Amino acid sequence: MYRKILITGGAGFIGSNFVHYLIQNQPQVQQIMVLDKLTYAGNRANLADLPSNKVHLIVGDVCDKSLVERLVSKVDAVVHYAAETHNDNSLRNPDPFIQTNIVGTYTLIQACCKYKIRYHHISTDEVYGDLPLRKNLPHHGEGPKEKFTTKSCYNPSSPYSASKASSDLLVRAWVRSFGLQATISNCSNNYGPYQHIEKFIPRQITNILCGLRPKLYGNGQNVRDWIHTQDHSRAVWTILNRGQIGATYLIGANGEKSNLEVLQLILKLMHQPQNAFDWVKDRPGHDLRYAIDATKLQQELGWRPQFTNFASGLQQTIDWYSSHQAWWRAEKKAVESAYQKNGQ
């Protein structure tokens, strides 16, 4: 059982939710060190209500070798969430994605090898590219290519997903060649509190709260497999403690929805007309569909999602953004201005 944990990117969306999960559900964890660069996606406020005697924020870069080694040497385990993640940003400027996602991972796994520290690597389903839309699937049942599995080939579409695929492969190579004590998880799209308002779901919610019309890429038929971030946190803790070293686990909750379906549900839950949104141009290389087969995680480690009602989880997310407007209001104008410049 791990008592001292380093969480990179722990002031961001998914990372901070994992920190909250540990504080609320794993009292045996005595110390959590959060290493975060506090770029636009990281926020001190995400950790502000947590006990300062247990959670320590260190502002720094995962590419900083001396800092990383100093922190890794003090813990029992490392969970690596830190990443540049926004596809649109990676298309405009890939440089930070290469540095943080590839060089940062290399720096961490080198330190974990040096001090023989357990390492868990957070990745994404986007490394696998995309799948055919559901309407194009055969009618005789699911085939092997209809959901991503741990045997799916990597086929990234953007600088972001390519950099995450590269980091996954580094981890696998270090396990085999240097004995790194590591596991990897590739998760589907997360939703929940603390997600930056540039992302799809919080952007639509905050647009409505600001009296702006939501925006929908392309034809709205692109499908994402949604999972509540609390279910993701539970899965990561399960893998960290019980996963097989060297193994990859896919995390998903059978939450496939088209972007149009998600937006229409948001509009319904926020009492807006179903057509109260604007169509905008599609992003380059926009993946058609993601879908996760989490059978391995469920059968080997016994994990099951708890947020199986998407509408209920989405309502909780809407309520959070509605009641935490001070958390996001100051950035809203700049975020929408950046999208407008790109015609979106």
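How many of the six residues of strand 2 (residues 31-36) are buried? In this predicted model, five of them are buried, so strand 2 is largely enclosed by the rest of the structure. Strand 2 is joined to strand 1 (residues 4-8) by five bridges, and these two strands run parallel. Within this pairing, Q31 of strand 2 stands opposite K4.

Strand 1 is also joined to strand 4, in a parallel arrangement that comprises four bridges. Here L6 stands opposite V78 of strand 4. A further four bridges connect strand 4 to strand 5 (residues 118-124), again with the two strands running parallel. V78 has Y119 as its bridge partner in strand 5.

A separate description applies to an open sheet of three strands, which has the order 7-9-11 and mixed pairing. Its edge strands are strand 7 (189-191) and strand 11 (256-258), each of which pairs on one side only. On average, neighbouring strands of this sheet are turned by 50° against each other, direction ignored. Strand 7 and strand 9 (residues 223-228) run parallel and are joined by three bridges. In this pairing, H228 of strand 9 is the bridge partner of Y191. Helix 8 (residues 259-269) packs on the sheet and touches both strand 9 and strand 11. The direction of helix 8 makes about 85° with that of strand 11.

Attention now turns to the packing of two helices. Two packed helices are described by the angle between their axes and the distance between the axes. For helix 10 (residues 310-323) and helix 11 (residues 325-341), the axes come within 6 Å and cross at roughly 75°. Because angles of 65 to 115 degrees count as roughly perpendicular, helix 10 and helix 11 are roughly perpendicular to each other. The contact involves W320, Y321, S322 and S323 in helix 10, which meet Q325, W327 and W328 in helix 11.

The structure holds 16 aromatic pairs. One of them is formed by W320 and Y321, whose ring centres lie 5.0 Å apart with the planes at 80°, so the pair is edge-to-face. Both residues also take part in the contact between helix 10 and helix 11. W320 counts as buried because its relative accessibility is 11%. Y321 likewise counts as buried, with a relative accessibility of 0%.

Elsewhere among the aromatic residues, Y128, F148, Y154 and Y290 form one aromatic cluster. Y290, a member of this cluster, also has R224 lying over its face, at 4.1 Å from the ring centre. A further arrangement of this kind involves R203 and Y339, in which the charged end of R203 sits over the ring of Y339, 3.7 Å from its centre.

Note on methods: Residues numbered from 1 in each chain as written. Predicted model: local features only at pLDDT ≥ 70, side-chain atom pairs only at ≥ 80, totals over all residues. Heavy atoms only, no water. Phe/Tyr/Trp six-rings, centres within 6.5 Å; stacked < 30°, edge-to-face > 60°. Buried < 20%, exposed > 50% of the residue type's maximum accessible area, 1.4 Å probe, protein only. Lys NZ or Arg CZ within 6 Å of the ring centre and 35° of its normal. Pairing = 2+ DSSP bridges. Axes fitted to C-alpha atoms, helices over the stretch in contact; angles between N-to-C directions. Parallel < 35°, antiparallel > 145°, perpendicular 65-115°, else oblique. Contact = heavy atoms within 4.5 Å.
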